[in-house]
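Me: I have a structure open and would like to learn how to read its features one at a time. Please start with the strands and work from there.

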Amino acid sequence: MSDASSLKLRARDVEDLAVISAALQDALVPLGDISHDPAEKTFIMVVNRFRWEQESKQSERVHAGLRFDAVRRAQFRGIDRTNRAQFLSFLTIAFDGSDEAEGVVVMHFAGGGAIRLNVGGLYCILADLGQPWPTQWTPAHDPL
């Protein structure tokens with residue numbers, strides 16, 4: 001169930017992907033909720049997203065789904081895939097390639113881990129799943 005404040009975003013170009021990347025900053029990603037289906041050419045992960053866009057004084061998180069289509073290959077670097085209970089801390093997404101042709105999507109995580117997707121074009125959707133809940137923990141970053 002979702003409400004009017006739920007996010008549902010689609011990325012077909014680098015500018016769109018930058019918006020999705022900002023919405024996912026500091027999301028917690030259970031390794032067990034990451035799936036690549038080579039037969040369907042999809043890559044999906046469910047995340048625990050901090051709602052940076054929320055303007056109220058109460059910090060909130062919400063479950064969200066991130067999906068990439070036309071995925072030809074998924075590679076993991078610096079991530080222990082045997083520990084399915086671990087959580088990754090999402091930093092950013094980068095894309096190198098043409099919006100309509102082959103390219104590479106790289107998702108970066110705290111601690112140096114990354115997931116690289118070889119894609120046949122940029123087809124990405126981020127959608128909130130369910131209702132947000134309050135959290136007392138607001139991500140903090142060191143100044144640059």
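Me: In which sense do β7 and strand β8 pair, and over how many bridges?

Reply: First, the basis: this is a predicted model, in which local features need pLDDT of at least 70 and side-chain atom pairs count only at pLDDT 80 or more, while totals for chains, interfaces and linings use all residues. Residues are numbered from 1 along each chain as its sequence is written, and side-chain values use heavy atoms, with hydrogens and water left out. Helices (H or I, at least four residues) and strands (E, at least two) are DSSP runs, numbered from the N terminus. Two strands pair if DSSP finds at least two bridges between them. Here β7 and β8 (residues 103-109) pair in the antiparallel sense over 7 bridges. One of the facing pairs is Phe90 with its bridge partner Phe109 in β8.

Me: How many bridges join strand β2 to β7?

Reply: Strand β2 (residues 28-30) is joined to β7 by 3 bridges, and the two run antiparallel. Leu28 stands opposite Ser89 of β7.

Me: Which residues of helix α1 are buried?

Reply: Buried means under 20% relative accessible area, exposed means over 50%, and partly exposed lies in between (1.4 Å probe, protein chains only). In α1 (residues 14-24) the buried residues are Leu17, Ile20, Ser21, Ala23 and Leu24. They cover an arc of only 160° around the axis, so they are on the same side of α1. That arc is taken from the directions from the helix axis to the C-beta atoms. The buried residues pack against β1 (8-11), β4 (42-50), β5 (60-69), β7 (87-97) and β10 (124-134).

Me: What caps the N-terminal end of α1?

Reply: Asp13 does, with a side-chain oxygen 3.2 Å from the backbone nitrogen of Glu15. A polar contact is a pair of N or O atoms within 3.5 Å; within protein, one must be able to donate a hydrogen and the other to accept it, and residues adjacent in sequence count only if both atoms are side-chain atoms. After α1 comes Asp26, whose phi is positive, near 70°.

Me: Is Ser59 buried or exposed?

Reply: Ser59 counts as buried, because its relative accessibility is 15%. Ser59 is found in the loop between β4 and β5. Its C-alpha atom and that of Thr135, 76 residues apart along the chain, are separated by 5.5 Å. Contact means heavy atoms within 4.5 Å. Leaving aside neighbours within four places in sequence, Ser59 is in contact with Phe50, Trp133, Pro134, Thr135 and Thr138. The side chains of Ser59 and Thr138 are joined by a polar contact of 2.6 Å.

Me: Which residues of the largest nonpolar core touch the most other members?

Reply: A nonpolar core is a set of buried Ala, Val, Leu, Ile, Met, Phe, Trp, Tyr and Cys residues joined through side-chain atoms within 4.5 Å. Of the 31 residues in the largest one, they are Met45, Phe68 and Met107. At least two residues of this core come from each of α1, β4, β5, β7, β8, β9 (114-119) and β10. Beyond four places in sequence, the contacts of Met107 include Met45, Phe68 and Phe90.
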